[in-house]
Amino acid sequence: MNFDVVGLGTVVVDHLVLLSHHPAQDAKTNIISDAYQIGGPVPTAQVLLSRLGKQCAFIGSWGDDQYGPLIAEELAAENLDLSGSRQLPGTRSGYAQVWIDESASTRTIACYRPEHWLQPVDLDESILQQARAVHLDGWPQATCLRAAQVAQQSGAKVCLDAGSLKPGMEELIPYLNVMNCPRRFITEYLDTDDIHAAGQELLQQGPELVTITDGVNGAWLFTESTRLHCAALPVLSLDTTGAGDVFSGALLYGILEDWPVERTLKFASITAALKCERLGNRDALPTLAEINAVLQTKELRLSRWD
Ligand SMILES: Nc1ncnc2c1ncn2[C@@H]1O[C@H](COP(=O)(O)OP(=O)(O)O)[C@@H](O)[C@H]1O
Ligand SMILES: O=C(O)C(=O)C[C@H](O)[C@H](O)COP(=O)(O)O
């Protein structure tokens, strides 16, 4: 069996709590609605890719608590191959409370990161060797690095959705072909807010394609020969949870389809924006028809600095 994308990274159960506004400290507020969803940057991106027709395998771990079976069941129902994943007895699954402020369109996350992870020795390298691309989020550090090394050796594209700064980035980045990160990452990692300088710097550290996202300010794409900015699609944003995860999955879709970078960046920006119109991550994913309808009817501003 060959896979388009093998993913490795965090998986969490998100408890999404919709509020009319975030309460002040030590105050009380009513919940408008709530829902449980499986999240994490890599699984969210892979569910999008799977729904768009790509063959995906996810390598992750969860506990034998009340959330473990839910994670396994829901990811399998999205056609992710889980043969390289493990339930770790006696451990807790990743869990996050996501408080969505409807009026401010912000999301505040309190998360329990799993304390137990797959170790490099647990990695089924044969799954990675069947991949066209490997999608990572930087966790678990040593296993992620090993996966990047195996993927590079077998000629797969190595992609990272960096999210927040994690340990071991300096060692991992040289193995990457594709790197996506939010603007806050470059501030933390490179100690600069200059997007163009950061894009250039990251290209020099290894990847041949870098994207930097900044919410409603849109996204930047850098390659050796191209620098692009794509404005964010104006939408009525309800919930931005996982916007970067979805952007990253859609970016990878364009790369796997061998599209020109302009089309890939627009596609990723539209897909992420449409997700923001709905509550949650997986439940909020747009279909290919919805994305294409926007691509065909809306003019998205793309600027170039070559
Ligand atoms: N409110 C929004 N309206 C339209 N597009 C958005 C909005 N928020 C995010 N996006 C799109 O999603 C991309 C990723 O969002 P961002 O907030 O930067 O990532 P993260 O979820 O990692 O913090 C943005 O570059 C943009 O294209
Ligand atoms: O809750 C979810 O489903 C998410 O995955 C939302 C965010 O994308 C991650 O919280 C970012 O993850 P880190 O970069 O590891 O901090």
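**Helix pairs and cores**

Modeller: Happy to! Let's start with a pair of helices: α9 and α10 cross in a right-handed way. Keep in mind that this is a predicted model.

Biologist: Good to know. At what angle do α9 and α10 pack?

Modeller: The angle is about 115 degrees, and the two axes are 10 Å apart.

Biologist: And which residues of α9 and α10 meet there?

Modeller: From α9 you have K266, F267, I270, T271 and L274, and they meet L288, E290, I291, V294 and L295 of α10. Sorted by class, the residues of this contact are seven nonpolar, one polar and two charged.

Biologist: Okay, another pair. How do α6 and α7 cross?

Modeller: Helix α6 covers residues 183-190 and helix α7 covers residues 195-205; their axes come within 11 Å and cross at roughly 70 degrees. Because of that angle, α6 is roughly perpendicular to α7.

Biologist: Is that crossing left-handed or right-handed?

Modeller: The α6 and α7 crossing is left-handed. On the α6 side, R183, I186, Y189 and L190 take part, and they meet I195, A198, E201, L202 and Q205 in α7. This contact of α6 with α7 has six nonpolar residues, one polar and two charged.

Biologist: Let's go inside. Which residues touch the most other members in the largest nonpolar core?

Modeller: Those are F58 and L75, in a core of 47 residues. Several elements each give at least two residues to this core, including α1 (41-51), β4 (56-59), α2 (68-77) and β14 (219-222). Helices α8 (243-256), α9 (261-276) and α10 (288-297) are also among them.

Biologist: Which element supplies the largest share of this core?

Modeller: That is α8, with eight residues.

Biologist: Back to L75. What does L75 touch?

Modeller: Leaving out residues up to four places away in sequence, L75 touches V11, I38, P43, V47, F58, L80 and L82. So you can see that F58 turns up among the contacts of L75.

Biologist: How many residues does the second core have?

Modeller: The second core has 39 residues and is separate; V6, A148, V150 and F185 are included in it.

Biologist: New topic: single residues. Where is V158, and is V158 buried or exposed?

Modeller: V158 sits in strand β11, which covers residues 157-161. Its relative accessibility is 0%, so V158 counts as buried.

Biologist: Which residues does V158 touch?

Modeller: If you skip residues up to four places away in sequence, V158 touches V134, L136, A148, A151, Q152, Y175, L176, N177 and V178. For a sense of distance, take V158 and Q204: they are 46 residues apart along the chain, and their C-alpha atoms are separated by 16 Å.

Biologist: How about S248? Where is S248 found?

Modeller: S248 is in helix α8. With 3% relative accessibility, S248 counts as buried. Beyond residues up to four places away in sequence, S248 touches H135, D161 and N180.

Biologist: And T213: buried or exposed?

Modeller: T213 counts as buried, at 14% relative accessibility; the cut-off for buried is under 20%. You'll find T213 in strand β13, residues 209-213. Apart from neighbours within four places in sequence, T213 is in contact with N180, C181, P182, R183, G218, A219 and F247.

Biologist: Now the backbone. Which residues does a cis peptide bond join?

Modeller: The cis peptide bond joins W139 and P140, with omega at about -20 degrees. P140 is in the loop between β10 (131-136) and α4 (141-153).

Biologist: What is phi of D26, and where is D26 placed?

Modeller: Phi of D26 is near 70 degrees, which is a positive value in a residue other than glycine. D26 is placed in the loop between β2 (12-19) and β3 (31-39). D26 counts as exposed because its relative accessibility is 84%.

Biologist: Last one, D258. What is phi of D258?

Modeller: Phi of D258 is near 65 degrees, again a positive value in a residue other than glycine. D258 lies in the loop between α8 and α9, and at 69% relative accessibility D258 counts as exposed.

Technical notes: Residues are numbered from 1 along each chain as its sequence is written. Chains are lettered from A and ligands numbered from 1 in the order in which they are written. This is a predicted model: local features need pLDDT of at least 70, side-chain atom pairs count only at pLDDT 80 or more; totals for chains, interfaces and linings use all residues. Side-chain values use heavy atoms; hydrogens and water are left out. A nonpolar core is a set of buried Ala, Val, Leu, Ile, Met, Phe, Trp, Tyr and Cys residues joined through side-chain atoms within 4.5 Å. Buried means under 20% relative accessible area, exposed over 50%, partly exposed in between (1.4 Å probe, protein chains only). Helices (H or I, at least four residues) and strands (E, at least two) are DSSP runs, numbered from the N terminus. Contact means heavy atoms within 4.5 Å. Axes are lines fitted to C-alpha atoms, for helices over the stretch in contact, and angles run from 0 to 180 degrees between N-to-C directions. Angles under 35 degrees count as roughly parallel, over 145 as roughly antiparallel, 65 to 115 as roughly perpendicular and the rest as oblique. A crossing is left-handed if the near helix is turned anticlockwise from the far one by less than a right angle, and right-handed if clockwise. Ala, Val, Leu, Ile, Met, Phe, Trp, Tyr, Cys and Pro count as nonpolar, Asp, Glu, Lys and Arg as charged, and the others, Gly among them, as polar.
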